[in-house]
Amino acid sequence: MTALNSKLLAEIWQNHSGKMIGVLVGFVIGILILTFGFFQTLFVALCAAAGYVVGKRIDQKEDIMEILDKLLPPGYNR
């Protein structure tokens with residue numbers, strides 16, 4: 001890859017990264033819906049979102065037990 005091509009790709013990424021990510025996410029979701037169906041894809045997306053939220057809170061150094069206390073019903077840890 002030449003320096004001109006890498007500079008061009010870097011400029012495109014800098015100016016249009018949101019569009020490129022949006023197209024990629026839309027493409028992946030479309031393939032998943034065609035392959036597995038709407039509700040299975042929705043379930044996977046919800047699991048991924050829940051994993052993101054829990055992971056983000058762990059990255060922010062929150063206690064895992066506090067996170068579980070918020071998510072699970074009272075009395076689960078007997």
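Biologist: What does L9 count as, going by relative accessibility?
Modeller: L9 counts as partly exposed, at 47% relative accessibility. The cut-offs are under 20% relative accessible area for buried, over 50% for exposed, and partly exposed in between, with a 1.4 Å probe and protein chains only.

Biologist: What sort of model is this, and what went into the values?
Modeller: It is a predicted model, where local features need pLDDT of at least 70 and side-chain atom pairs count only at pLDDT 80 or more, while totals for chains, interfaces and linings use all residues. Residues are numbered from 1 along each chain as its sequence is written, and side-chain values use heavy atoms, leaving out hydrogens and water.

Biologist: Where does L9 sit?
Modeller: L9 is in helix α1; a helix here is a DSSP run of H or I, at least four residues, numbered from the N terminus.

Biologist: Where is the kink in α1 centred?
Modeller: On H16, at about 85°. The bend at a residue is the angle between axes fitted to the seven residues ending there and the seven starting there.

Biologist: And what follows α1?
Modeller: G37, with a positive phi near 105°.

Biologist: Switching to rings. How many aromatic pairs are there?
Modeller: The count is 1 aromatic pair. F38 and F39 have ring centres 5.1 Å apart and planes at 80°, so they are edge-to-face. Rings of Phe, Tyr and Trp (its six-membered ring) pair with centres within 6.5 Å; planes under 30 degrees apart are stacked, over 60 edge-to-face, the rest tilted.

Biologist: What is the accessibility of F38, and of F39?
Modeller: F38 is partly exposed at 48%, and F39 is exposed at 64%.

Biologist: Which residues of α2 meet α3?
Modeller: V54, R57 and I58 in α2 meet I64, I67, K70 and L71 in α3, where contact means heavy atoms within 4.5 Å.

Biologist: What is the span of α2 itself?
Modeller: α2 has 22 residues and reaches 31 Å from first C-alpha to last, close to the expected 32 Å.

Biologist: What comes just after α2?
Modeller: K61 does, with a positive phi of about 65°.

Terms used:
Helix = DSSP H or I, 4+ residues; strand = E, 2+ residues; numbered from the N terminus. Expected span 1.5 Å × (residues − 1).
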